Amino acid sequence: MSNSRLLVYTLSGVIFCICFIGMLIYGYKTFIIQTEKVESADYNYHFALIAEETDNEYWRQIEKGAKKAAAEHDIYLEYLAPSRANNDKLLKLLDRMISAKVDGIIVQGVPGERFVDLVHKGVERGIPIITVDTDVPSSERKAYIGTDNFYAGKLAGKAVIENTTGEQYVGIVTGRYNAINQQRRLEGFNHVIKQTPRIHIVDIEESNITAIGAAQATYSLLKQHPSITMFVGTSALDGIGIVDGIREIGTYKEFPIIAFDLLPETQELIREGKIDATIAQYPKKMGIKSVNVMIELQNSDLLNKEIYTDTKVIEKKDLSSLKYGGLK
């Protein structure tokens, strides 16, 4: 073998070794999961807000309120969520934030022992955890911030009674069967309705907290139960979807509709007379309060473990004084 060819092979081998070692070093840095506590001189604390799903407008309003409060106190707030509502993925995010050793976690409550175990794990590691929007009181969460969902369901029941006369056969569209907040709203609704013999619940369908899902649920309810005379939605996009589902089935019959939450689209449908009333929550206030409570928990425990934000029935006459999210 000639000296020149030997030199080429030697240089090629050296370059390959350098590239291989570089790949190992930088590849490791690229893909390793950082589990050490995040420290930064620019922030007092690092909090995580774990939502039900990424681009849900209701959760974005909670995020806005939380980030507003965080900015006022030099706190780094990290917003995380599954792209679509998925309890398993949400729980993985919760586990990841516990491993990252953040200073506090604000998270939607999830039914089941796995959530309870993860909260225990976080508390054992000195990380305060509070639930927002949906509570799991059986866990060691430090506090719950949000709507009293049983009371909200009672308000929906009262709105049905006050907005109708005569016999009513109600089709209910709910966000997710296994969501604790939806279950509590239905319990509150039933508590009021069972005292009024003229109101009958015909059936319940799931929307999977999407407007399309609510439209499909409405279409299905009307096809299976032509006796339905009115609708109730128990999650933020249900009212919008119910209107679309009624339109899709092509009926000219008018149905009283009680919706949930104050999305801009819901407000517009109330103005147009297509939705009679909605049960208003104030998600921005939830976000602000959650961060303020988490700041308190950095130094001391709380006596009040359940901090409810406002809930009220909103009709067309009330819209002029409102702004979605609960803040002027």
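This is a predicted model: local features need pLDDT of at least 70, side-chain atom pairs count only at pLDDT 80 or more; totals for chains, interfaces and linings use all residues.
Entry 1: Strands are DSSP runs of E with at least two residues, helices are runs of H or I with at least four, and both are numbered from the N terminus. I took two strands as paired where DSSP finds at least two bridges between them. Strand 3 (residues 104–107) runs parallel to strand 4 (residues 129–132), and 3 bridges join them. Within strand 4, Ile129 stands opposite Ile105.

I record the conventions here: residues are numbered from 1 along each chain as its sequence is written, and side-chain values use heavy atoms, with hydrogens and water left out. Local features need pLDDT of at least 70 and side-chain atom pairs count only at pLDDT 80 or more, whereas totals for chains, interfaces and linings use all residues.

**Entry 2: helix 3 against helix 4.** I checked the axes of helix 3 (residues 87–99) and helix 4 (residues 113–124), which come within 10 Å and cross at roughly 10°. Helix 3 is therefore roughly parallel to helix 4; angles under 35 degrees count as roughly parallel, over 145 as roughly antiparallel, 65 to 115 as roughly perpendicular and the rest as oblique. Axes are lines fitted to C-alpha atoms, for helices over the stretch in contact, and angles run from 0 to 180 degrees between N-to-C directions. Residues of helix 3 in this contact include Leu91, Leu94 and Ile98, and those of helix 4 include Phe115 and Leu118. By class, I noted 5 nonpolar, 2 polar and 5 charged residues in the contact of helix 3 with helix 4.

**Entry 3: strand 8.** I asked which residues cover the two faces of strand 8 (residues 230–233) or are covered there. Met230 and Val232 lie on one side, Phe231 and Gly233 on the other, and all are buried, meaning under 20% relative accessible area, with exposed over 50% and partly exposed in between (1.4 Å probe, protein chains only). Strand 8 pairs with strand 6 (residues 168–174) in the parallel sense over 4 bridges, and Gly171 stands opposite Phe231. Strand 8 also runs parallel to strand 9 (residues 257–260), joined by 2 bridges; there Ile257 is the bridge partner of Phe231.

**Entry 4: two positive phi values.** Most residues other than glycine have a negative phi. I found Lys101, not a glycine, with a positive phi of about 60°. Lys101 is in the loop between helix 3 and strand 3 and is partly exposed, with a relative accessible area of 37%. Asp133 has a phi near 75° and lies in the loop between strand 4 and strand 5 (143–146). At 2% relative accessibility, Asp133 counts as buried.

**Entry 5: Asn292.** I located Asn292 in helix 10 (residues 283–297). Asn292 and Ala69 are 223 residues apart in sequence, yet 7.0 Å apart in space, C-alpha to C-alpha. Leaving aside residues up to four places away in sequence, Asn292 touches Ala69 and His73.

Terms used. Contact means heavy atoms within 4.5 Å. Ala, Val, Leu, Ile, Met, Phe, Trp, Tyr, Cys and Pro count as nonpolar, Asp, Glu, Lys and Arg as charged, and the others, Gly among them, as polar.
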